[in-house]
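Here are my notes after a pass through the model you sent over.

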Amino acid sequence: MPQPRKQFAQHWLRSEKALSRIVSAADLSKGSGDGSGDRVLEIGPGMGVLTRQLLSQAAAVVSVEIDRDLCEFLTKKLGAIENFLLLQGDFLTLDLDAVLASLPAFQHPNKVVANIPYNITGPILEKLLGTIDHPAAKPFDRIVLLVQKEVAQRLCARSGSKQFGALSVRVQYLAECEFICDVPAGAFHPPPKVDSAVVRLKPRSLAVPAADPQQLETLVKLGFASKRKMLRNNLQSVMERDQLTELLERLAINPQVRAEDLSVEQWVELSNRFHP
Ligand code: SAH
């Protein structure tokens, strides 16, 4: 049996309870064989514990695993299952659409369910959701991920809380984020150094999107640059202090706010009303 490798952030989930919370958060359906069922994308199947459950509840599962030895192991274990497709490679550089183009049963997965490698959480989120500037062209219906607890808290934080940061604004601009449950380090073998949590993301478009997404991205980046400073000080390089004060007053926002006090909608409004 393959031993867990540090290099690929391998920690096998061994808690039945956590597994079932992940799977139920994805709300999967097999459909009736007419293409209506869920097609799931899994990143990093590892030894296949989650994969096996996904296979029993979804119409099709595509799993992308970087580790060759694990791929060999998984092929022996699950290779005969008809609705399973295993792709060996780095999820971050893989052109999934191109690979799946000739495989109708697996095309356009509509959900992502995965216990991902934590060392590449940011790039994975970006590949799944896109960025403020370039949202994903074909967004998923749902994304259920096991992530580091601290990241889960930041993804799901509300404005005004300490955890609400640039990541919260960037991801919540693109998706509704829900905290599903905690998963303690002991639920894995070997246990990671950090606690974990399950989150569910539902990609969405805001009712009022950013008129100039690039500008919003710049304002968020600068606004959160120094978390202890007031927003107006962080934005000094792009906006006159008086201009920002006036703008905030017009939005009925206290001019002394810090970046974390503005909701995603307020960030968008600020950007939409700012004309350099
Ligand atoms: N889902 C499994 C394993 C999680 S550990 C379980 O719950 O037990 C993370 C997995 O992601 C490992 O199998 C690791 O080999 C794989 N992985 C790491 N980097 C990857 C990458 N860039 N692309 C695809 N898989 C990757």
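1. Let's start with the ligand. Around the ligand there are 20 residues, and the nearest are Gln10, Gly44, Glu65, Asp90 and Asn115. Keep in mind that this is a predicted model. Sorted by class, the shell around the ligand holds 12 nonpolar, 6 polar and 2 charged residues.

2. The side chain of glutamate 65 has an N or O atom 2.5 Å from an oxygen atom of the ligand. On its own the ligand has 580 Å² of accessible area, and the protein covers 98% of that. Strand S1 (12–13) and strand S3 (60–65) are the elements that give two or more residues to the shell.

3. Next, aspartate 38. You'll find aspartate 38 in the loop between helix H1 (16–26) and strand S2 (39–43). Is aspartate 38 buried or exposed? Its relative accessible area is 7%, under the 20% cut-off, so aspartate 38 counts as buried. The aspartate 38 side chain makes a polar contact with the side chain of lysine 111, at 3.1 Å. Beyond its neighbours within four places in sequence, aspartate 38 touches Asp27, Leu28, Ser29, Ala58, Ala59, Ala60, Asn110 and Lys111.

4. Asparagine 83 is another loop residue to look at, sitting between helix H3 (68–78) and strand S4 (84–88). With a relative accessible area of 14%, asparagine 83 is buried.

5. Last, helix H7 (residues 166–174). Why call H7 largely enclosed by the rest of the structure? Because 7 of its 9 residues are buried. The buried ones are Ala166, Ser168, Val169, Val171, Gln172, Tyr173 and Leu174. Among the elements covering these buried residues are the helices H5 (121–129), H6 (149–156), H8 (213–223) and H11 (264–273). Strands S7 (175–183) and S9 (196–203) are also part of that cover.

Methods
Residues are numbered from 1 along each chain as its sequence is written. This is a predicted model: local features need pLDDT of at least 70, side-chain atom pairs count only at pLDDT 80 or more; totals for chains, interfaces and linings use all residues. Side-chain values use heavy atoms; hydrogens and water are left out. Helices (H or I, at least four residues) and strands (E, at least two) are DSSP runs, numbered from the N terminus. Buried means under 20% relative accessible area, exposed over 50%, partly exposed in between (1.4 Å probe, protein chains only). A polar contact is a pair of N or O atoms within 3.5 Å; within protein, one must be able to donate a hydrogen and the other to accept it, and residues adjacent in sequence count only if both atoms are side-chain atoms. Contact means heavy atoms within 4.5 Å. A residue is near a molecule or strand if one of its heavy atoms lies within 4 Å of it. Accessible areas come from the Shrake-Rupley method with a 1.4 Å probe; for residues, only the protein chains shown count as cover. Ala, Val, Leu, Ile, Met, Phe, Trp, Tyr, Cys and Pro count as nonpolar, Asp, Glu, Lys and Arg as charged, and the others, Gly among them, as polar.
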